[in-house]
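The sequence and structure come first, followed by the description.

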Amino acid sequence: MSFCSDSQAAPGHLSAQSMSELYRSDKLDDKTHIFGIIGNPVSHTSSPIIHNPGFEAIRYNAVYVPFLVDSVRAFFKLAEMLQIHGFSVTVPHKRSVQPYLGRITREVKQIGSCNTVVRIQNMWKGINTDYYGFLAPIDDLIAKEDIRNALVIGAGGASRAVVWALHNHGVKVTILNRSIEHARTLANETMSAYDTLENAHLYSETVDLVVQTTNVGMGGELEGQDPCPSLHFSGMEIVYELVYKPEETEFLKRAKKAGCTIIAGKQMLMEQGKLQFEAFTGYHYPHWVNVSL
Ligand code: ATR
């Protein structure tokens, strides 16, 4: 039994429409596999609109729901009770789930961050689809050696996955960050170079790829800001933005205007979601589903 309220009587209530259309509540039964996302906050997540239509399209009896989680320990107990088959992990739990996992991949170990957990043979396995989701739009270019040098702006959680992915694929990375301490720590760990954002002009026109991993430019207070105004684009670079709301940040607009090839944040969001779907179901994400993120 569950309930909904059309006028959202309390935070987190589903509307009747999303309960029936997105979560397909009338089609769920005792054989339905439960998947979800844990985080706090979790209400803004786009993942249900990736996974639920995917399940429906391949007629996979499953549902994907958001779980607002404070205690990871309590959630793992619930996951056993409900026999949850797998879940995505978002802020602030990407690190704190790790003691509960029986197996982790090399990427989770390196990055120290797990964004996907799946039940395999009664054991929880942690993987990181941000790593491969980031690589998906550029792996051909890396293989052809069209990308040899990269500038990564930011040294936070998102940057860690990016820098490790590039480093593991033989790309030379320079990390530029507001706080030099954070840049130095990540650079030492990943055998990369580092510098301050103020010195960005020194790197103009020297790299094949620029990746923007900070939250500067994201909707809200930081919207419209440029994380690295002194970086000049020649037009030859590939500029990859991780912020996906708004769809085109100031940084990306500037790169586009200079003639650069651009990769928008939504692409990585979708790629990492598709990889999660594969880990959850064992099937490719159905290409005919049109997800509007
Ligand atoms: P995420 O997990 O999204 O990467 P995070 O770990 O909090 O989030 O990292 C945020 C990154 O954005 C950091 O590199 C941060 O720089 P500092 O290490 O100096 O804190 C960067 N950042 C956040 N706000 C910024 C701003 N206003 N200008 C420049 N960089 C900023």
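## The largest pocket

In this predicted model, 50 residues line the largest pocket, and those nearest its centre are Val91, Lys94, Ala158, Met218 and Tyr244. Two or more lining residues come from each of α2 (47–57), β3 (86–89), α7 (157–168), β8 (172–177) and α10 (265–281). The top contributor is α10, which gives 5 residues.

The volume of the largest pocket is about 1,600 Å³. Its lining is made up of 20 nonpolar, 25 polar and 5 charged residues.

## The ligand

Around the ligand are 13 residues, the closest being Ala155, Gly157, Asn177, Arg178 and His182. This shell consists of 4 nonpolar, 8 polar and 1 charged residues.

For Ala155, a backbone N or O atom lies 2.9 Å from a ligand oxygen. In the side chain of Asn177, an N or O atom is 2.8 Å from an oxygen of the ligand; for the side chain of Arg178 the distance is 2.9 Å. The ligand taken alone exposes 650 Å², of which the protein buries 67%.

## The second largest pocket

The second largest pocket has a volume of about 880 Å³. It is lined by 25 residues, with Gly12, Leu14, Tyr23, Val65 and Pro66 closest to its centre.

At least two lining residues come from each of α1 (16–22), α2 and β2 (62–68), and β2 supplies the largest share, 5 residues. By class, this lining has 17 nonpolar and 8 polar residues, and no charged ones.

Notes:
Residues numbered from 1 in each chain as written. Predicted model: local features only at pLDDT ≥ 70, side-chain atom pairs only at ≥ 80, totals over all residues. Heavy atoms only, no water. Near = heavy atom within 4 Å. Polar contact = N/O pair within 3.5 Å; in protein donor to acceptor, adjacent residues only side chain to side chain. Areas by Shrake-Rupley, 256 points an atom, 1.4 Å probe, with all protein chains shown as cover. Nonpolar A, V, L, I, M, F, W, Y, C, P; charged D, E, K, R; others polar. 1 Å grid on protein atoms, 1.4 Å probe; cavity = no way out; pocket = protein on both sides within 12 Å on 5 of 7 lines; lining within 4 Å. Points joined across faces, edges and corners; volume = space filled by probe spheres on them. Helix = DSSP H or I, 4+ residues; strand = E, 2+ residues; numbered from the N terminus.
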